[in-house]
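Have the model open in your viewer and follow along.

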Amino acid sequence: MMRFGTLATVAMLVVHVGAAEAQKPLEVIAFGGGGNWPVWAAQEKGFFAKNGIAVKLSFTPNSVEQIRNLMSGNYDLGTTAYDNVVAYQEGQGETELAARPDLFAFMGGYSGSLRFVTQPDIRTYSALKGKTVGVDAATTGFAFILYKLAALNGLTMSDYKVEKLGSTPARVQALMEGKIAGTMISSPSELLPESKGYTRLGDTTATFGPYQASIGVARRSWAEKNGDQLIAFIRSYVSAMDWLQDPANKDDAISIYVKHVPNAPRPAAQKAYEVMFAEKEGFQKKAKIDLEGCRTVLKLRSEFAKPQKNLTDPAKYIDESYYRKATQ
């Protein structure tokens, strides 16, 4: 016979989960691809529900639309490049915004894991002369990595053309359709073209060392009013990251990836796991922001962004107070 205390506990859990399902979900906007693995895991394994929230994940076609939608309040949170936060806060973004931005990074996502992939016949930087490379946006995100890799290998920006194509999935498609000569690809999306003979011409971590790629982003004004929800999101995300990084959960984690990534065979998902949970790059343990990686972002932005500014303080664009409350 079930004890009263056990019945009460079960009842409380049902109410708790039911409340999470009934309330308006947090609207989260991200780029498509395997970088969303922790969110999928948090949904599948009930971490969001356990912390009293529900999450609706939507994908953006490009960073411009993502930032516009965040600033307009169409979405509550997002995951984006740390560089995007810096760019718009410094007035160096790809587009003008209707309101003064108050964006900040509240947690880490993944470090490095950015590859410059080119057509199979392009095996040197000199072969890019006169060719077109694809970027999400020309003045934000990972475009500066591409420019720097090219510069380090003897190319000026007049040696190649730049086409704005939006998110990684769109750029990978353009690459594999032969529309561009190369593009920066965030892991694990490089696995498909590389498996078909496309060339990895450059690698962020190997060239620059730590690089803070993806972070969690919100508006300060939203966070001030919805701090409890933000803390619950971070706590759930960190729990999902812990769960994913536990070797005992590897097979289950791979099944989640296969479910959410169209046409991904299990061997490809297994390779994605190896890439995204590597020692020196990939998903960050405890979703902790790497300040040294942020400084690498600022160095590249200081070199290439317009109007030119010398950016040296990574903490200016970060508020970890919500993260500390979520992980204490």
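Start with Arg-200, which is partly exposed at a relative accessible area of 38%; here buried means under 20% relative accessible area, exposed over 50%, and partly exposed in between (1.4 Å probe, protein chains only). This is a predicted model, so local features need pLDDT of at least 70 and side-chain atom pairs count only at pLDDT 80 or more, while totals for chains, interfaces and linings use all residues. Residues are numbered from 1 along each chain as its sequence is written, and side-chain values use heavy atoms, with hydrogens and water left out.

Arg-200 forms a salt bridge with Glu-190, with the closest N and O atoms 3.8 Å apart. By salt bridge we mean a side-chain nitrogen of Lys or Arg within 4 Å of a carboxyl oxygen of Asp or Glu. Arg-200 lies in strand E9 (residues 199–203) and Glu-190 in the loop between E8 and H8, so the pair ties together parts that are ten residues apart in sequence. (Helices are DSSP runs of H or I with at least four residues, strands are runs of E with at least two, and both are numbered from the N terminus.)

Now look at Glu-190 itself: it is buried, with a relative accessible area of 0%. Its side chain also meets that of Arg-115 in a salt bridge, at 3.3 Å from N to O, and Arg-115 is buried too.

For another of the 19 salt bridges in the structure, find Glu-44 and Lys-259, whose closest N and O atoms are 2.9 Å apart. This pair links distant parts of the chain, with Glu-44 in helix H2 (residues 37–44) and Lys-259 in helix H12 (residues 250–260), 215 residues apart. Glu-44 counts as partly exposed at 34% relative accessibility, whereas Lys-259, at 56%, counts as exposed.

The lining has 30 residues, with Phe-31, Tyr-110, Phe-142, Thr-168 and Ser-186 nearest the centre.

Terms used:
On a 1 Å grid over the protein atoms alone, a cavity is a set of points where a 1.4 Å probe fits but cannot get out, and a pocket is an open set with protein on both sides within 12 Å along at least five of seven lines; lining residues have an atom within 4 Å of a point.
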